[in-house]
Amino acid sequence: MTTANSATFKSTLHEMTQTTPTVLWNDSATLSELTYAISHGGVGATCNPVIVLEALKSESEIWNPKIKELAAKHPTATEDEIGWMLIEEVSATRAKLLEHIFHEQKGKNGRLSIQTDPHLYRDPKRLVEQTLRFNALAPNMIVKIPVTAAGIPAIEEATYQGVSINATACFTLPQCVAVAEAVERGLKRREQEGKDISTMGPVCTIMVGRLDDWLKVVVDRKNITLEEPGYLEWAGVAVFKKTYKLFQERGYRLRLLSAAFRNHMHWSEFIGGDVVISPPHKWQARFNASDVKCENRIDIPVDPKIVSDLERNLPDFVRAYEDGGLTLEEFDTFGATMRTLRGFLEATQELANIVRNITLPNPDKL
């Protein structure tokens with residue numbers, strides 16, 4: 001790839017968005033952070049219970065009055081229900097900032113990603129019902145569905161219903177293949193019935209850093225020593241690159257998205273691919289302040305020596321790296337999946353606590 005003069009661009013991320021097929025989304029719904037990403041070429045955003053918590057804490061002057069307003073408007077609503085109303089409000093409000101991009105790029109980008117309730121990860125019917133509700137919040141929504149055993153049929157049905165999905169809680173090549181096949185089935189069903197798919201923009205997230213995190217837990221638990229400790233930083237990168245190559249070979253009609261950043265390789269190693277990079281603001285700022293160059297690296301394979309050492313020592317890396325390494329039934333019990341779903345569930349509890357502290361404050365502290 002020939003890189004244009006960096007003086008032409010605002011930042012390294014901006015250069016990436018202007019000179020390669022790789023696009024930037026913002027892993028935050030906070031107004032200042034989303035505005036920053038858009039100014040550096042960002043064309044999408046993600047939202048989930050954890051991200052909403054961050055927005056509530058940093059923008060309390062905006063959202064605390066909204067919580068009071070929602071509680072007054074819905075006097076019988078539970079704290080959980082008000083919390084989810086707030087998630088919808090935050091998502092729909094911030095989606096407006098991206099709507100012009102959505103129309104310009106005909107649905108491929110310009111979307112805000114809203115996540116289904118993690119409590120529903122075992123219920124395909126209710127996942128689809130909530131997906132359809134969320135899809136109606138704004139014309140440029142993309143809806144997150146977890147890659148669990150129940151999530152796969154929900155992804156197919158939601159795609160058939162015309163919803164652009166973002167597969168989340170996904171860490172492995174087998175999960176990505178299951179998502180891609182489900183999306184293809186949904187798209188083909190629409191095509192067979194003459195329904196439009198031209199503005200749909202599905203993606204499949206690989207939470208590369210969370211795979212690395214899980215393998216580090218395994219290494220500590222089992223007292224494993226790799227040839228080089230830095231090899232663990234390459235596990236998610238290796239899975240992403242292999243999955244991307246397979247997707248290109250098979251012609252799947254959805255893009256991969258890199259999330260859960262732990263180092264610059266979770267961005268820099270994927271530059272040049274027709275993929276989405278979705279870092280939170282702090283990583284965007286780090287990348288733009290770094291000396292890492294905007295160079296095409298997506299097709300450069302991970303050193304076979306690194307892959308071999310990971311395969312030799314870590315069966316869970318093999319399960320993540322090999323096509324067929326996990327069965328559908330094993331998606332829910334893969335360590336990274338369990339850890340992530342628990343984190344999402346804990347975030348919904350904290351969201352309910354924030355609502356409680358506003359609607360039913362502790363009188364001892366008043």
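Predicted model: local features only at pLDDT ≥ 70, side-chain atom pairs only at ≥ 80, totals over all residues.
Residues are numbered from 1 along each chain as its sequence is written, and side-chain values use heavy atoms, with hydrogens and water left out.

When residues up to four places away in sequence are not counted, Val 179 is in contact (heavy atoms within 4.5 Å) with Val 147, Ile 152, Ile 155, Ile 165, Ala 167, Cys 204 and Leu 254.

Helix α8 (residues 151-160) packs against α9 with the axes 7 Å apart and at an angle of about 30°. Axes are lines fitted to C-alpha atoms, for helices over the stretch in contact, and angles run from 0 to 180 degrees between N-to-C directions. The two helices α8 and α9 are therefore roughly parallel, a class for angles under 35 degrees, with over 145 being roughly antiparallel, 65 to 115 roughly perpendicular and the rest oblique. From α8, Ile 152, Ile 155, Glu 156, Glu 157, Thr 159 and Tyr 160 meet a set of α9 residues that includes Val 179, Ala 182 and Arg 189. This contact comprises eight nonpolar, two polar and five charged residues (Ala, Val, Leu, Ile, Met, Phe, Trp, Tyr, Cys and Pro are nonpolar, Asp, Glu, Lys and Arg charged, and the others, Gly among them, polar).

The axes of α10 (residues 208-222) and α11 (residues 235-250) come within 7 Å and cross at roughly 135°, and the pair is therefore oblique. Val 208, Leu 211, Asp 212 and Leu 215 of α10 contact Ala 235, Gly 236, Val 239 and Phe 240 of α11. Six of the residues in this contact are nonpolar, one is polar and one is charged.

The loop between α10 and α11 contains Asn 223, a residue other than glycine with a positive phi, near 55°. Asn 223 is exposed, at 67% relative accessibility. Ala 260, in the loop between β7 (255-259) and α12 (265-268), also has a positive phi, near 65°, but is buried at 12% relative accessible area. Buried denotes under 20% relative accessible area, exposed over 50% and partly exposed in between (1.4 Å probe, protein chains only).

Key
Helix = DSSP H or I, 4+ residues; strand = E, 2+ residues; numbered from the N terminus.
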